[in-house]
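Take a look at the structure below. We begin with a single residue and then step back to the whole protein.

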Amino acid sequence: MPGIRGPAEYSQEPHRHPSLKVNAKEPFNAEPPRSALVSSYVTPVDLFYKRNHGPIPIVDHLDSYSVTLTGLIQNPRKLFIKDIRSLPKYNVTATLQCAGNRRTAMSKVRNVRGVGWDVSAIGNAVWGGAKLADVLELVGIANLTGSTDLGGRHVEFVSVDRCKEENGAPYKASIPLSQATNPEADVLLAYEMNGETLNRDHGFPLRVVVPGVIGARSVKWLDSINVIAEECQGFFMQKDYNMFPPSVNWDNIDWSSRRPQMDFPVQSAICSVEDVQMVKPGKVSIKGYAVSGGGRGIERVDISLDGGKNWVEASRTQKPEMHYISEHNSSDKWAWVLFEATIDVSQTTEVIAKAVDSAANVQPENVESVWNLRGVLNTSWHRVLLRLGHSNL
């Protein structure tokens, strides 16, 4: 498309932070050290996980870049970046999480297919841009619309990014029109991240941010927005990121039997220590993140040192020096909370964390109960083993 192009090879990739753990180079997929996630409430851009499906698109002429709005609407339109920037700007603090976060733990039960993520395929950022609801009003779709006069019920986002899973066609995904036109859903066409212009890895010049939903629906390098009658039929909607039971394998899978995954379930992970770490006897600080999809707050994070027989409640914070109250108007409803608890270690100890959200959803105890062949949505209790020995902790 004019102004931006998706290269066919990887010779012009952007610079990345040297501390990232690279899970794949072509396409580039990487996550930060887990300790980086609890160093601040807002994840630095350079340490935000990278999930790509092809070479990073290149912007040649920003002034000629545009997004086409088309489909089952009365007034199709082309929008340039200046048109989007002329709309009211909103800053939304939201956590994005790959559906495959914590896949490596699931792969230890049985083999799965997918990028080998640890616990850091997740990050929290302040996204700046125009609300999708305002953009859709430009083509005559009012707020809180569930269907257009021509029968449009879903909004499809098509990327410049071309990927092998689509046989060289663009990456794409969709959300319901009712969500897209709801200003309270805070769906953005974002051009900023943490107060700075988006960088190439994160979707420059324009991306979608769908808060509370798995990261696969927040399409980067936006090319077009299509109002369609049914869900997007792209690969990543219909043949990936679906939640199957442990009984399904690659011989009996029926993709049509499951809806595309949207909201992510309640999740938590310990980040201040590794899965097996040597510590000195005495006090150890246990820190991590907890988050739930759909705008649900985190009501509690519990820590156990005896296999789940007894629990203590961790403290929860979001914004520095502000008391966190789940789903209070002072809290960021689309963002993670950071938790902390101090434990006393006198012997080799397994530390367990589990979160409970504001709808009383709780993480399942065992990874076996949520195992699936694609290794997505591992939200089981997070466990780390602390061994006594020489350590800086």
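Start with Lys-131. Lys-131 is buried, with a relative accessible area of 11%. Buried means under 20% relative accessible area, exposed over 50%, and partly exposed in between, using a 1.4 Å probe and protein chains only. This is a predicted model, in which local features need pLDDT of at least 70 and side-chain atom pairs count only at pLDDT 80 or more, while totals for chains, interfaces and linings use all residues. Residues are numbered from 1 along each chain as its sequence is written, and side-chain values use heavy atoms, leaving out hydrogens and water.

Where does Lys-131 lie? Lys-131 is in strand S9, residues 122-131. Strands (E, at least two residues) and helices (H or I, at least four) are DSSP runs, numbered from the N terminus.

Now follow the side chain. The side chain of Lys-131 reaches the backbone oxygen of Pro-183 at 2.9 Å. Not counting residues up to four places away in sequence, Lys-131 touches Tyr-90, Pro-183, Asp-186, Val-187 and Leu-188. Contact here means heavy atoms within 4.5 Å.

Step back to the whole protein. There are 5 helices and 24 strands. The radius of gyration is 21 Å, close to the 21 Å that the globule rule gives for 393 residues, so the protein is as compact as a globular protein of that length. That radius is taken over C-alpha atoms, and the rule is 2.2 Å times the number of residues to the power 0.38. The C-alpha trace spans about 70 × 50 × 40 Å along its principal axes. Of the 393 residues, 56% count as buried.

Definitions and conventions
Polar contact = N/O pair within 3.5 Å; in protein donor to acceptor, adjacent residues only side chain to side chain.
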